[in-house]
Amino acid sequence: MKPKFFVTTPIYYVNGAPHIGHAYTNVAADVMARFKRLDGHHVFFLTGTDEHGQKVEKAAAEAGMAALTYVDGISARFRDLTTLLGLSNDDFIRTTEARHIRSCQELWRRVAAAGDIYLGHYEGWYAVRDEAFYGEDELRVMPDGSRIAPTGVPVEWVREPSYFFKLSEWSERLLAFYEEHPDFLAPVSTRNEVISFVKGGMHDLSVSRTSFKWGIPVPDDAAHVMYVWFDALTNYLTATGFPDERAERAGFWPPDLHMVGKEITRFHCVYWPAFLLSAGLRPPKRVFANGWMTVDGQKMGKSMGNAIDPWALVARYGLDPLRFFLMREIPFGQDGDFSPRALVQRLNGELANELGNLAQRSLSLVARHCEGRMPSRGAATEDDATLLALAEALPLRLRTALGRQAMGEALEATWQVVRAANAYIDRQAPWTLAKTDRARMAAVLRVLADVLRALATVLQPFMPGSMARMLDQLGVAPDQRDLADLANPVPDATVLPAPSPVFPRFVDEDRGAD
Ligand code: ME8
C-alpha cells in the first residue's frame with residue numbers, strides 16, 4: 001500500500017477578494033502535494049474557506065448583504081483561484097457546511113468531556129481583523145488613548161460571558177511535545193517565537209462569543225457561538241470525515257503538513273495541538289510557516305489596499321512562469337517583495353533562455369537529423385557520464401529539499417543540472433557532429449533527451465502544464481512520468497512529435513524585452 005500524505009493550506013477568510021499572497025501558500029502546498037504523488041504517495045490535499053466570525057459578519061454587513069449570500073460569493077472566488085492556479089486539491093472545504101458544523105460540535109464535546117472547557121466571563125482586548133485576543137502588555141497605546149495590536153490593527157474592549165479553554169494548564173505538555181517532535185514547526189525562527197510564547201506562560205483562551213451570531217453554536221448552549229479559530233482549525237479534521245472513524249479519509253489523520261503564513265503559527269502550533277491532545281486526538285506532524293509577500297516592504301493584505309490580483313498576473317505572464325517565480329524568487333520561509341520585473345527576468349532568463357532553449361535546440365536536432373525518432377544511447381564518454389549522474393541524482397536531491405519545504409533549494413539543484421546541460425551541449429556541439437560523426441551526434445542527443453526527461457519529471461510539481469508538454473515532446477508516455485519511472489528509458493526509435501518552444505520569451509509591449 002502507498003504511504004499516505006495529508007497536506008493543507010489555511011482556509012481563507014471570505015472578507016475580500018483573493019490576492020497573490022493566498023496564491024503563494026496555495027502554490028507551495030500544491031507543489032508538495034504533486035511532488036508526493038510523483039514520489040509514490042497516496043495524497044490528500046485540502047484547501048477551502050473560513051466563513052464564520054465577526055470579521056466576515058462585518059464585511060457582509062458593509063457590503064449590505066446577508067452573511068450567507070456574501071460568503072457564497074467570495075468562497076466561489078477562492079474556488080476559482082484553485083482553478084486559475086491549477087491546484088490539484090482533492091477537497092475544498094467551507095466552514096458553513098453541515099459536515100463541518102457536526103465535526104466542530106463533536107470536537108467541542110470531547111474537549112469539554114476532558115474537563116478542559118469551563119464557563120466564565122471574558123473581559124479584555126480583541127482585534128476583529130486578526131480574530132485574536134491580546135493582553136494589555138502586547139498593545140501599543142496611541143496618543144488618543146486607543147490601542148493597536150502588534151500586527152498594527154485596532155483592538156476593541158470586549159466584555160461578555162464566555163467559555164474558556166484551560167490553555168494555562170497546557171504549557172508543560174506543549175513544551176514537551178515540541179521537544180519530542182523537533183520537526184513539528186519550521187522554520188527555526190518561527191519555532192523559537194512559539195516556544196518563547198509558551199514559556200512566557202499562557203492565559204486561558206476564550207473559545208466562545210455571545211455578542212454576535214455568525215458562528216457555530218456551542219453544544220447545549222445556543223447563546224454562544226464558537227470562537228472562529230476553534231471552528232476554523234477543526235476544518236482539517238472535518239475533511240477526514242471526523243467523527244466517523246470508518247470514513248474514506250479517516251486514515252489520513254493526522255496531517256503530515258499544514259502550510260500556513262507565519263502570522264498564524266500561534267493558532268496552529270499552540271492552540272491546535274492543545275485542542276487535539278485534550279480531545280485524545282493526534283496533533284499534526286508538521287507546520288511550515290511561509291514568510292510574507294510584501295509590496296514595497298509592506299505585507300500585502302486584503303485590507304491594506306496593496307493586493308496584487310493573481311488573475312491579471314496569469315493573463316499577462318502565464319500560469320507556470322508565475323508558479324515558478326513564486327517558488328524560486330523568495331527563499332521559502334522568509335519575507336520578500338513581489339516585483340513583476342523580477343518575474344520577467346526569471347521567465348526570460350531561466351525559463352525561456354536556459355531550460356526552454358535547451359529543449360528546443362536538442363529536440364530540433366533530433367527532428368532534423370534523427371528522422372524525429374528517439375536516438376539510441378552510445379558508449380558513454382566521461383562528459384556524458386558526468387551529466388547523466390547529475391540528472392540521476394535529482395530525485396533524491398528534490399526529495400531531501402522538499403522534505404524541508406526548501407522550494408528554492410529544490411529549484412536551485414535542478415538549475416545546476418540545466419546549466420550543466422547547456423554547457424554540455426555547447427561543448428559537444430551536436431550541430432557540428434551532424435556533419436562529422438552522426439553516430440556520436442545521436443549519442444549526444446540521447447544524453448540530452450534523457451537529462452531533459454529527468455528535469456521535466458522533477459519540475460512537474462512546479463510547472464505541471466509546461467512540463468507535461470515537454471514530456472510529450474520527449475516521447476514519455478503519460479503513465480511513465482513518476483520519479484520511479486525514470487528507471488525505464490524511453491524506447492529507442494520512439495516517434496517524437498514536432499518540437500515547439502515551451503516557454504516563449506515575454507516581451508513588454510511598452511518597453512521591449514527586459
Ligand atoms: O488567516 N504573504 O485567513 P486569511 C504570504 N482564516 N502569504 C499570505 C499573504 C502575504 N502577503 N497574505 C495572505 C486566515 N497570505 C484564517 C486561516 S486556517 C485554519 C484559518 C496567506 O484569509 C498565508 O498563508 O487571512 C496566510 O496565513 C493566509 O493567506 C491568511 O489568510
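**View 1. Residue classes in the shell around the ligand.** In this predicted model, the shell around the ligand is made up of 14 nonpolar, 9 polar and 4 charged residues. In total, 27 residues surround the ligand. The closest of these are Thr-25, Asp-50, Glu-263, Met-293 and Lys-302.

**View 2. Polar atom pairs between protein and ligand.** The side chain of Glu-263 places an N or O atom 2.8 Å from an oxygen atom of the ligand. Tyr-13 takes part through its backbone, with an N or O atom 2.9 Å from a ligand oxygen atom. At Met-300 a backbone N or O atom is also involved, lying 2.9 Å from a nitrogen atom of the ligand. The ligand taken alone exposes 660 Å², of which the protein buries 96%.

View 3. Two or more residues of the shell come from each of strand S1 (4-13), helix H1 (20-38), helix H7 (228-233), helix H8 (235-238) and strand S14 (257-261).

**View 4. The sheet of strands S17, S16 and S18.** These 3 strands form an open sheet in the order S17-S16-S18, and the pairing is mixed. Strand S17 (298-299) and strand S18 (336-337) are the edge strands, each pairing on one side only. Strand S16 covers residues 293-295 and pairs with S18 in the parallel sense, over 2 bridges. Within this sheet, Thr-294 is opposite Asp-337 of S18. Met-293, listed among the residues closest to the ligand, falls in the range of S16 (residues 293-295).

Terms used. Residues numbered from 1 in each chain as written. Predicted model: local features only at pLDDT ≥ 70, side-chain atom pairs only at ≥ 80, totals over all residues. Heavy atoms only, no water. Near = heavy atom within 4 Å. Polar contact = N/O pair within 3.5 Å; in protein donor to acceptor, adjacent residues only side chain to side chain. Areas by Shrake-Rupley, 256 points an atom, 1.4 Å probe, with all protein chains shown as cover. Helix = DSSP H or I, 4+ residues; strand = E, 2+ residues; numbered from the N terminus. Nonpolar A, V, L, I, M, F, W, Y, C, P; charged D, E, K, R; others polar. Pairing = 2+ DSSP bridges.
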